[in-house]
Amino acid sequence: ASLADMKRRGSLCRCRASVTRWSYFAPWLVALPARCASWRTAGVLPEEDVFKRYVGKFCFDFKKGPDEDAGQFTFNLFGQFVAGPDQGGPASSDGPPCWGPCETPGKLYLMVFDDEDNHWKQMNDQWGRATCEQMLEYSSFAMPLPALDGAFNRTIFVHEKIRPRFWYFVFAACGVNFLRPVDYEIHAQNVQQGWEQEFGMDQLGSMQLQLCASLLFFSICLCLRRVARRATGAEALRSRPLLRILLLSTLCSTTGAVCLTLHYMSFAANGWGSAPLEVVGQLFVCAAKALLSVLQLLTAKGWALFYAPEALVQRRLMMIALCSIILTSVACEIHADYFHDRSTTFYLYESWPGTVILMLNICLFAEAWRSMRETYRNETSDEVRIFYCVISTASLLYFLTLPVMCVLAAALSPWVRAKYVNRGEVASRFLATLLLFYSLRPSRLDAM
């Protein structure tokens with residue numbers, strides 16, 4: 001587009017373009033399935049004459065000074081296409097969407113939509129029926145791509161001035177003939193964030209959080225092992241199944257945090273990270289949460305939860321809830337790594353699968369609290385009652401912190417919600433583990 005056209009659409013970018021030889025892009029063109037991270041994305045465009053392909057989103061910073069760039073993104077194309085026939089769209093319009101002659105027929109566009117209501121939200125609501133002209137009207141920035149025979153790249157500099165914003169990227173073909181498949185790659189960066197420039201503003205601090213979590217949970221593992229051995233020797237854990245479950249949960253939390261730390265370290269270095277490490281890390285974290293839930297239900301109901309015939313229904317419902325939480329969490333992580341979701345939600349727990357996970361956690365808390373209340377009322381020893389109070393506090397922290405954080409996060413800015421919710425989840429899991437460690441340590445149990 002001409003500079004005048006870009007200014008007319010209120011573009012926040014300035015552009016630098018260069019066409020290069022095919023060989024220059026050889027490292028980018030390895031045949032891989034489409035994959036996204038925050039934020040590089042790569043794949044192959046459809047070969048239909050008319051299409052729109054959503055390829056991901058990124059949260060850009062805003063500029064702190066007049067001579068600074070808030071961020072940048074670079075996109076590379078490789079393949080061959082030419083302008084196609086007119087698809088029968090409007091030739092012109094006095095008002096929206098064209099404001100004069102319509103320039104979309106026969107063009108391939110890279111369009112960017114910011115998170116304002118009249119841009120991406122409106123575009124997303126009309127995704128199935130929006131024409132190229134309407135998409136151009138809703139976009140914050142749109143660039144018509146020239147006929148391609150080889151390779152093309154362009155770097156766009158971002159100049160957000162008010163606040164961080166989520167940018168949504170879409171390729172739109174408005175009547176194009178593809179002579180060879182077209183590969184694309186987009187790489188977005190927050191250039192003011194130093195070594196964290198690969199991270200969106202909604203993900204800053206992720207590596208530090210997981211590194212801190214791995215150290216804290218590993219410290220609890222060491223303390224658990226040492227306290228158990230000091231109390232009853234090498235067979236301590238074998239004779240204390242509750243302590244074994246707690247140790248296993250802590251090991252899962254440690255392993256999950258280490259995997260996620262390695263993923264984020266790789267991500268900070270190359271913008272891709274390691275999707276397998278991320279999925280495995282989330283799987284271990286989910287296992288740690290499930291074990292903590294089982295442990296708290298066991299302390300409330302005893303081993304009758306697993307062996308008593310009258311607890312069969314409760315046992316099955318608990319297993320269904322725990323398996324549902326694990327499978328839903330891992331499925332959402334795989335979907336986030338390998339698929340593009342046009343949703344305007346900013347983190348897992350704003351989506352319907354996240355809401356299901358929160359509701360299941362609340363149900364588990366209600367059952368743990370009900371069982372603990374019955375056990376507490378039947379107990380006569382003051383010391384044992386204090387023990388049950390500590391376990392109840394751990395249950396309260398563990399099960400309810402996340403739902404409360406998600407409710408409060410609605411009042412926060414969109415680009416910080418995920419950060420605070422993730423920190424709240426890790427903190428509640430650590431504090432619950434710490435309280436259970438305090439309650440189940442051999443010296444305390446022996447004293448009771």
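1. Let me start with helix 10 and helix 11: the two are roughly antiparallel to each other, because an angle over 145 degrees counts as such and theirs is about 175 degrees. Their axes lie 9 Å apart. Sorted by class, the residues of this contact come to 18 nonpolar, 5 polar and 3 charged. Do keep in mind that we're looking at a predicted model here.

2. Helix 10 also has helix 9 as a partner. Helix 9 covers residues 352-378 and helix 10 covers residues 382-409. Their axes come within 10 Å and cross at roughly 165 degrees, so this pair is roughly antiparallel as well. The crossing of helix 9 past helix 10 is left-handed.

3. Who does the touching in that pair? From helix 9 the contact takes L358, N361, I362, L364, F365, A368, W369, M372, T375, Y376 and R377. Helix 10 answers with R385, Y388, C389, I391, S392, S395, L396, F399, L400, L402, P403 and C406. By class, that makes 17 nonpolar, 4 polar and 2 charged residues.

4. Next, helix 5 against helix 11. These pack at an angle of about 155 degrees, with axes 11 Å apart, and are therefore roughly antiparallel to each other. The crossing is left-handed. On the helix 5 side you'll find L242, L243, L246, T250 and S253, and they meet R429, T433, L436, F437 and L440 of helix 11. The class count for this contact is 6 nonpolar, 3 polar and 1 charged.

5. Now the core. Which residues have the most contacts inside the largest nonpolar core? They are L224, L246, L364 and L436, in a core of 40 residues. Some of these names have come up already: L364 is part of the contact of helix 9 with helix 10, while L246 and L436 belong to the contact of helix 5 with helix 11.

6. As for where the core comes from, the elements giving two or more residues to it are helix 4 (206-232), helix 5 (241-270), helix 6 (275-301), helix 8 (312-338), helix 9, helix 10 and helix 11 (414-440).

7. Finally, the whole chain. Its secondary structure comes to 12 helices and 12 strands. Of the 448 residues, 52% count as buried. Among contacts with a separation of 6 or more, 80% are between residues 24 or more positions apart.

Note on methods
Residues are numbered from 1 along each chain as its sequence is written. This is a predicted model: local features need pLDDT of at least 70, side-chain atom pairs count only at pLDDT 80 or more; totals for chains, interfaces and linings use all residues. Side-chain values use heavy atoms; hydrogens and water are left out. Axes are lines fitted to C-alpha atoms, for helices over the stretch in contact, and angles run from 0 to 180 degrees between N-to-C directions. Helices (H or I, at least four residues) and strands (E, at least two) are DSSP runs, numbered from the N terminus. Angles under 35 degrees count as roughly parallel, over 145 as roughly antiparallel, 65 to 115 as roughly perpendicular and the rest as oblique. A crossing is left-handed if the near helix is turned anticlockwise from the far one by less than a right angle, and right-handed if clockwise. Contact means heavy atoms within 4.5 Å. Ala, Val, Leu, Ile, Met, Phe, Trp, Tyr, Cys and Pro count as nonpolar, Asp, Glu, Lys and Arg as charged, and the others, Gly among them, as polar. A nonpolar core is a set of buried Ala, Val, Leu, Ile, Met, Phe, Trp, Tyr and Cys residues joined through side-chain atoms within 4.5 Å. Buried means under 20% relative accessible area, exposed over 50%, partly exposed in between (1.4 Å probe, protein chains only).
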